[in-house]
Every structure is written in structure tokens, then in C-alpha cells.
Amino acid sequence: MATGITRVGVYPGSFDPVTYGHLDIVERAAKLFDWLYVAVLRNPRKKPCFSTEERVEMLRMATADYPNVVCESFDGLAAEYARSRGAQAIVRGLRAVSDFEAEFKMAAMNRHLEPDIETVFLVPAGQYTFVSSSVIREVAAFGGDVRALVPDFVHERLMERLSMQKGERPE
Ligand code: PNS
């Protein structure tokens, strides 16, 4: 059905680093929107494993097959950023009930800030419900095998980064 409206979605996050769980959400959202902006929050209060530029670059590589997906970074409020991109919706992944409370509050705050922008929750495939960037970083740091959970090039960069970080520590 042609409505003449360009459907724009914004999928904000930390993506430190991008996982197959994120990419599962991107694949689903890319089918729902004409344009999907996958956006890394530039957060000066957090010390991420990968810089904002590295995270955006990895997202670009991982989403290169989706012609309607744009990856970039943003500063400040996600709701304001979504408005600046002409988005009708903010996309978030919901893995489990434990995600719900924080996501519900975030959605309510974003609606307070931008009443016309909806939050759309998408549920990833079952095999990704336990996958998060923080768990990937932690398991990889202790030598666990996370190769099935992130793209190969992300795995390589993660290994490089973790070995650099080990070298930095005196213990
Ligand atoms: O991948 P994450 O860390 O769960 O993503 C969280 C993110 C970046 C989407 C969220 O922290 C965010 O939108 N931050 C920007 C500041 C903002 O808009 N805050 C108001 C919402 S409570």
C-alpha cells in the first residue's frame, strides 16, 4: 500500500560492540521502515571499549548489505535526535522481561519529550535473548568463546582490544 509517507526509524544504542542480537533487530526494523538510522550515543560519561568512531565503523561494515540503513553517531537526547532525522519511531530491542522496566521508563520519557514519536519494541530471535555487548566483552575477557555471537571482524577487533588492555595493566 503506497501511503506517500516516508517511514523513518531510529535505533539508538551504545553498540559497544555490535552483536548478532543488534543485527537481528536491524534486519527486522529495516523491513518496517523506508530508512533506518542506527545511531551510536556519543557519551562522554562512559568509558567504552571502542571509540564512537570505531563503533559506527563496525556498524557500517555489519549493515553494508542493507541499502536503507544509515549508521552514525549522535549527541544528547535520543528523542531530539530522532526528530532531527524526521523519524516516526524509536526502535529498541526487548530480550526479556528484565529489559522491560528500564525500556518502559525510557519510552515514557522519550514520549514526554517528543509526543509524536513512538517507541517500537522488537524481539530478537530466541538464540540472541541472552546476548548483550557487556556480556560479550566480559566473557571474551575471560577467554570464553563468543565467535558465534558477533561478526568475525568484530571478534577480531575485540580480541585485539582486549589484548591491548591486558598489556596496559600492571598485574
Ligand atoms: O545500548 P544501550 O546502552 O542500552 O542504549 C541506551 C541509549 C543510548 C539508547 C539511551 O541511554 C539513550 O537514549 N541515551 C541518550 C540520552 C537520552 O535520550 N536520555 C533520555 C531517555 S531516558
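This section describes the sheet, the helices and selected residues of a predicted model.

Residues are numbered from 1 along each chain as its sequence is written, and side-chain values use heavy atoms, with hydrogens and water left out. Because the model is predicted, local features need a pLDDT of at least 70 and side-chain atom pairs count only at pLDDT 80 or more, whereas totals for chains, interfaces and linings use all residues. Helices (H or I, at least four residues) and strands (E, at least two) are DSSP runs, numbered from the N terminus.

The model contains an open sheet of 5 strands in the order 3-2-1-4-5, with parallel pairing; two strands are taken to pair if DSSP finds at least two bridges between them. Strand 3 (69-74) and strand 5 form the edges, each pairing on one side only. From one strand to the next, the twist averages 30 degrees, where axes are lines fitted to C-alpha atoms, for helices over the stretch in contact, and angles run from 0 to 180 degrees between N-to-C directions. In general, the strands of a sheet pair through backbone hydrogen bonds, either parallel or antiparallel.

Strand 1 (residues 8-13) is joined to strand 2 (residues 35-41) by 6 bridges, and the two run parallel. Strand 1 is mostly covered, with 6 of its 6 residues buried; buried denotes under 20% relative accessible area, exposed over 50%, and partly exposed the range in between (1.4 Å probe, protein chains only). The covering extends to both faces of strand 1: V8, V10 and P12 are buried on one side, and G9, Y11 and G13 on the other.

Strand 4 (89-93) is likewise described as mostly covered, 5 of its 5 residues being buried. A89, V91 and G93 point one way from strand 4, while I90 and R92 point the other way, and all are buried. Strand 4 pairs with strand 5 in the parallel sense over 5 bridges, and A89 lies opposite E118 of strand 5.

The segment before strand 1 includes I5. With a relative accessibility of 44%, I5 counts as partly exposed. Apart from residues up to four places away in sequence, I5 touches D34 and Q88, contact being defined as heavy atoms within 4.5 Å. I5 and E57 are 52 residues apart along the chain, and their C-alpha atoms are separated by 30 Å.

In helix 2 (residues 52-62), the buried residues are T52, R55, V56, M58 and L59. These residues cover an arc of only 160 degrees around the axis, which puts them on the same side of helix 2; the arc is that of the directions from the helix axis to the C-beta atoms. T52, a residue of helix 2, has a relative accessible area of 9% and is therefore buried. When neighbours within four places in sequence are left aside, T52 is in contact with V40, R42 and S73.

S84 belongs to helix 3. The relative accessible area of S84 is 49%, so this residue is partly exposed. A separation of 27 Å is found between the C-alpha atoms of S84 and D99, which are 15 residues apart along the chain.

Helix 4 (residues 97-113) has 17 residues, which should span 24 Å at 1.5 Å a residue; the end C-alpha atoms are 25 Å apart, in agreement with that value. The expected span is 1.5 Å times one less than the number of residues in the helix. Helix 4 has a kink of about 25 degrees, centred on E103, the bend at a residue being the angle between axes fitted to the seven residues ending there and the seven starting there. D99, E103, A107 and N110 are the buried residues of helix 4, and their cover includes helix 3 (78-84), strand 4 and strand 5 (118-122). Leaving aside neighbours within four places in sequence, E103 is in contact with R92, L94 and F121.
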